Amino acid sequence: MAEPATDVYVLGAGVKTPDHLTLETVGALRRSRLVFSIYPLSDEVTHQLGLSAELRCLLPMFESSGLRRDTYQAIAETILDAVESARPVAFLTPGNPVVSDSVAQHLLSQGKARGFNVRLLPAVSSLDTVMADLTFDVSPALQIYDASWLVSHNMVPSVHAACLLLQVTTFGTALTTMGRTLRAGALAELGEYLQRFYPPDHEVVFVQSETRFSPGLQKPLPVCTLRDVEGVIPGTLYIPRLRDPEPDLAFGARMFDKEAFDAKFERRQKADQHPPTSEVDLPNA
Ligand SMILES: C[S@@+](CC[C@H](N)C(=O)[O-])C[C@H]1O[C@@H](n2cnc3c(N)ncnc32)[C@H](O)[C@@H]1O
C-alpha cells in the first residue's frame, strides 16, 4: 500500500549547515513547496541543494522579548496554516528536531490534530557534534538535561556518569534571549546547584561546535566560577564524571561465563544469519 502523502516535513539542518544535511533531508526539501527555516538559507546553498521551494525565514518571530513558548506556538501555527495553500511544507530547524525543539513537538501534535500527515526525519544534533568535539564516547552512560529544568525540578545528576547541560544561555528564564548576552551572576544559581553534587574545583567545559556562523570553541573552568561567567557563551556545558561507579563484580564475572552465555543466547539458523545492523557486534557493543 502506498504511503500517504506528507503534508509537513519536520527536518533538522544539522549544526554545520549545509554540510550536515542528510541526503534524505535534502530529498524532502526538494519535494517541499514551502520551506520555513529559523536561519535563512543563502541563495548559494539553495542553488547547490537544487531547491525550488519558496523559503521563509522565521528569525523575525524570535525577535520580540516575549515568552519563548508563545513564540514557538505562533511559529507552529504559521507553518500549519501554510499547509492549506502549499503542501508539502517543511520546517527546517537547527540540529535534530527531536532534541529540545518545542516547535517540532507542536507540529507533530497539532498537525496530527488537524488531520495532516507530519513526517519527522533524523538529523545531526549538537549532542553528536559536542561529543565528537570532545572525542567522548557516550557509552557506557551519558546524562542530558536542560539546564533550567535540572534546577527547577531538583533533579539529582549522577556523579558517576558524564553530563551535558543544554540551553545554558537561557538558564532561569522563559523569555526569549535572542539578541541578549549574559550579565555576570546570571549563572550563579546554576553554579550553586551543581556544587551540591560536585566539588568547587570540578572542571566543567563550555563547548561550542563549529557552525556556519561561528568557529568551534571549548572553555574549561572550575564549577565554582560559573557565577562569574558573562557575555556570549557557548550553549552546552559538559560535566565530566566525578568518580567511577562501583562495579558489581559477580555480574561482571558472569558476563565472561560461556555456560551462562549459551543459556541465554541461541545460535541462529543458517538462513537467518544476516542480523539487522542494530544487532551487529560493533566494537564495544
Ligand atoms: C533549543 S536547543 C536545540 C538543539 C538542537 N535541536 C540540536 O539538536 O542541536 C539549543 C541548545 O542546543 C545546544 N547547541 C546548539 N548548537 C550548538 C553548538 N553549535 N554547539 C554546542 N551546543 C549547541 C545548546 O545547548 C543550545 O542551548
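Helices and strands here are DSSP runs, numbered from the N terminus. By that numbering, Gln167 sits in the loop between strand 7 (162-166) and helix 8 (188-194). The model is predicted. The domain assignment of the protein gives domain 1 (8-124) and domain 2 (127-239). Both domains give residues to the shell around the ligand, so the ligand lies between them.

**Ligand shell**

- The ligand is surrounded by 20 residues.
- The closest are Gly95, Val99, Ser125, Ser126 and Gly235.
- Helix 6 (126-133) and strand 8 (203-208) are the elements that give two or more residues to this shell.
- By class, the shell holds seven nonpolar, twelve polar and one charged residue.

**Gln167**

- Gln167 touches Ser100, Asp146, Ala147, Ser148 and Gly235, leaving aside residues up to four places away in sequence.
- One of these contacts, Gly235, is also among the residues closest to the ligand.
- Gln167 has 18 other C-beta atoms within 10 Å, so it counts as partly exposed. The cut-offs behind this are 20 or more for buried and 12 or fewer for exposed.
- Gln167 and Tyr9 are 158 residues apart in sequence. In space, their C-alpha atoms are 25 Å apart.

- The centres of domain 1 and domain 2, taken over C-alpha atoms, are separated by 26 Å.
- Each side is counted separately: 15 residues come from domain 1 and 15 residues from domain 2.
- On the domain 1 side, helix 4 gives the most, with three residues.
- The side of domain 1 that touches domain 2 has five nonpolar, six polar and four charged residues.

- Five strands form an open sheet in the order 3-2-4-1-5. The pairing is parallel.
- Strand 3 (54-57) and strand 5 (118-120) are the edge strands. Each pairs on one side only.
- Neighbouring strands are turned against each other by 20 degrees on average, direction ignored.
- Strand 2 (residues 34-37) and strand 4 (residues 89-93) run parallel and are joined by four bridges.
- Across that pair, Phe36 stands opposite Phe91 in strand 4.

**Strand 1**

- Strand 1 is mostly covered, with five of its five residues buried.
- Val8, Val10 and Gly12 point one way from strand 1. Tyr9 and Leu11 point the other way.
- Five bridges pair strand 1 with strand 4 in the parallel sense. Gly12 has Thr93 as its bridge partner in strand 4.
- Strand 1 also runs parallel to strand 5, joined by three bridges. Here Val8 stands opposite Val118 in strand 5.

- Helix 5 (residues 102-113) lies across strand 1, strand 4 and strand 5. Helix 5 runs at about 150 degrees to strand 5.

Key. Residues numbered from 1 in each chain as written. Predicted model: local features only at pLDDT ≥ 70, side-chain atom pairs only at ≥ 80, totals over all residues. Near = placed C-beta within 6 Å. Nonpolar A, V, L, I, M, F, W, Y, C, P; charged D, E, K, R; others polar. Domains from an automatic or database assignment. Pairing = 2+ DSSP bridges. Axes fitted to C-alpha atoms, helices over the stretch in contact; angles between N-to-C directions. Contact = placed C-beta atoms within 7 Å.
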